[in-house]
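Me: I have a model open and want to learn how to read it. Can we start with a helix?

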Amino acid sequence: MIILAVVNQKGGVGKTTTAVTLAHGLAQRDYHTLLIDLDAQGNVADCLGLETGNDLYRLLFPGMALPLAQGVTPSGRPRLDVVRSDRTTTQLKIALGAADMREYVLDDLLKDASYDVVILDCAPSMDVLHTAAMVAAHYILIPTRLDQLAVKGVRDVLTTLQGLSRISTCQLGAIIPTFYDRQTNESLLQLKHLARHFKEQVWPPIPQDVHCRESTRYGKTLWEYAPQARALLGYTHTRGQSVGGYIQMVDRVEEVLLR
Ligand SMILES: Nc1ncnc2c1ncn2[C@@H]1O[C@H](COP(=O)(O)OP(=O)(O)OP(=O)(O)O)[C@@H](O)[C@H]1O
Ligand SMILES: [Mg+2]
């Protein structure tokens with residue numbers, strides 16, 4: 001089993017879109033997948049057309065926690081289960097703040113899990129669940145918008161990861177540039193800037209695509225709502241090859257991280 005955490009302390013960079021699209025993409029490729037929402041906004045459920053729910057609270061509340069199998073919700077898609085979140089996650093974080101070994105709550109929850117892949121969708125904040133995600137995960141994926149502050153945002157995550165090296169063996173899996181707009185110089189400039197700093201750890205960018213927002217409105221994943229979406233397909237190179245897009249990202253995750 002491989003555990004991937006999708007993290008960036010900055011908000012609105014495409015964490016949830018990446019987590020949901022990757023999770024459903026892997027489930028469609030026959031991986032038994034669990035997607036866990038660690039954010040009180042409960043956006044994973046919105047993206048999947050489910051009611052938000054207190055699954056996370058029921059699975060992690062100190063002293064009252066359920067076993068994993070009793071707390072997950074079927075997503076309605078083959079091989080994809082979810083742990084939903086809602087406003088009760090705020091109370092959960094307060095309770096965990098006073099608990100012993102709180103950094104290990106997700107590690108403990110997942111230790112006997114029988115999934116092929118677990119994907120953790122983190123909130124845009126440095127909280128107890130964020131730390132627990134970085135302790136439980138094997139790799140982190142860092143989506144980032146292509147703007148002036150992208151390098152700083154990625155560095156912040158890596159600094160946090162480094163600070164946990166005593167209790168975590170989690171490594172950087174990939175930096176995923178999002179909202180890539182081929183029409184603007186700014187996107188390309190920032191992509192090059194990011195690549196200068198982080199080299200091959202920067203994966204091909206996900207195009208900006210209105211289908212991302214629309215699919216959430218309809219409670220469908222991109223694969224269901226718009227299989228021909230630019231955000232999935234990426235751009236076609238002059239040599240006919242596709243670059244970027246979530247399809248290529250899922251390929252790479254399979255090749256590089258799930259080996
Ligand atoms: N590639 C994209 N192109 C256009 N819109 C996108 C793209 N990726 C995500 N979006 C949209 O941008 C908004 C923010 O995306 P998302 O919720 O995935 O970010 P997030 O990092 O999870 O946010 P938060 O930090 O609040 O959890 C959503 O409305 C989403 O549909
Ligand atoms: Mg989110």
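Reply: Start with helix α7. Its buried residues are Val128, Leu129, His130, Thr131, Ala132, Ala133, Met134 and Ala136. Buried means that 20 or more other C-beta atoms, placed from the backbone, lie within 10 Å of the residue's own. Helices are DSSP runs of H or I, at least four residues, and strands are runs of E, at least two, numbered from the N terminus. This is a predicted model: local features need pLDDT of at least 70, side-chain atom pairs count only at pLDDT 80 or more, and totals for chains, interfaces and linings use all residues. Residues are numbered from 1 along each chain as its sequence is written, with chains lettered from A and ligands numbered from 1 in the order in which they are written.

Me: Why is α7 called largely enclosed by the rest of the structure?

Reply: Because 8 of the 9 residues of α7 (residues 128–136) are buried. They pack against β1, α5, α6, β5, β6 and α8.

Me: Which residues is Ile119 in contact with, beyond its neighbours within four places in sequence?

Reply: Contact means C-beta atoms, placed from the backbone, within 7 Å. Ile119 touches Leu4, Val6, Ala19, Leu22, Ala23, Thr33 and Leu35.

Me: At what angle do α1 and α13 pack?

Reply: Axes are lines fitted to C-alpha atoms, for helices over the stretch in contact, and angles run from 0 to 180 degrees between N-to-C directions. Here the angle is about 65 degrees, with the axes 10 Å apart. From α1, the contact uses Thr21, Leu22, Gly25 and Leu26. From α13 come Tyr246, Met249, Val250 and Val253.

Notes: Contact = placed C-beta atoms within 7 Å. Buried ≥ 20, exposed ≤ 12 C-beta atoms within 10 Å, placed from the backbone.
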